[in-house]
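Visitor: I would like to take a close look at a single part of this structure. Could you walk me through one residue and its surroundings slowly, as I am new to this?

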Amino acid sequence: MKNVLIVSGHTDLNDSVANKLVLDELRAALPEAEFSVLSELYPDFNVDVKTEQEKLVKADVIVWQFPVFWYSMPSLLRRWIEQVIVHGFAYGSTGHALEGKKLIPSFTTGAPAEAYSHEAVGYTIDEILLSQIKATADLCKLDLQDYVYTGSVSYAMRSDAKLLVDIKRLSKEHAARLIEAIRNA
């Protein structure tokens, strides 16, 4: 069986419906996977670099699970990448720790998918977000897999009972697609 590391980049899962539900579904379906829930481990943003690098070394498949905040990944996940995915470990003449490992970006947006288009904001989700992830994967020689993406899961809509049902359904569907991607990686 592949060693799977799921890195949750949400800054506050207590304030989440979709990402929290996705993680719950992943834990139920993949009990052997290792989880780095950054908001629980590093609420002060002081990342234990050595521990996180050890997790990455053991992993065959790495998942970055996060909500898109302001057209980017959350600050805590960005901080984790800045501190953990470093020269001499992940890239450079002596940095080969991630080479060949599969990376699956998995993310959600509060806005519907069509809000990330040339017509709506001038850019697609691929241009806004995936270019950063692709460049990181290329630099580290990670095997970038297709992303798993779901829109229309805004936590702001959770007070509406009907919308909350939709958010939960979409989140479970997202988790099912992600589980399939992990198993096929």
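Guide: In this predicted model, Lys101 is buried and yet has no salt bridge, for the nearest side chain of opposite charge, that of Asp60, is 5.2 Å away, whereas a salt bridge calls for a side-chain nitrogen of Lys or Arg within 4 Å of a carboxyl oxygen of Asp or Glu. As for its place in the chain, Lys101 lies in the loop between helix 4 and strand 4, the latter covering residues 102-108. If we set aside residues up to four places away in sequence, Lys101 touches Leu56, Val57, Lys58, Ala59, Asp60, Ile62, Leu142 and Asp143, so that Asp60 is among the residues in contact with Lys101, even though no salt bridge is formed.

Helix 3, which spans residues 49-58, and helix 4, which spans residues 75-84, pack at an angle of about 85 degrees, with their axes 10 Å apart. Angles of 65 to 115 degrees count as roughly perpendicular, and helix 3 and helix 4 are therefore roughly perpendicular to each other.

Methods:
Residues are numbered from 1 along each chain as its sequence is written. This is a predicted model: local features need pLDDT of at least 70, side-chain atom pairs count only at pLDDT 80 or more; totals for chains, interfaces and linings use all residues. Side-chain values use heavy atoms; hydrogens and water are left out. Axes are lines fitted to C-alpha atoms, for helices over the stretch in contact, and angles run from 0 to 180 degrees between N-to-C directions. Helices (H or I, at least four residues) and strands (E, at least two) are DSSP runs, numbered from the N terminus. Angles under 35 degrees count as roughly parallel, over 145 as roughly antiparallel, 65 to 115 as roughly perpendicular and the rest as oblique. Buried means under 20% relative accessible area, exposed over 50%, partly exposed in between (1.4 Å probe, protein chains only). Lys and Arg count as positive and Asp and Glu as negative; His and the chain ends are not counted. Contact means heavy atoms within 4.5 Å.
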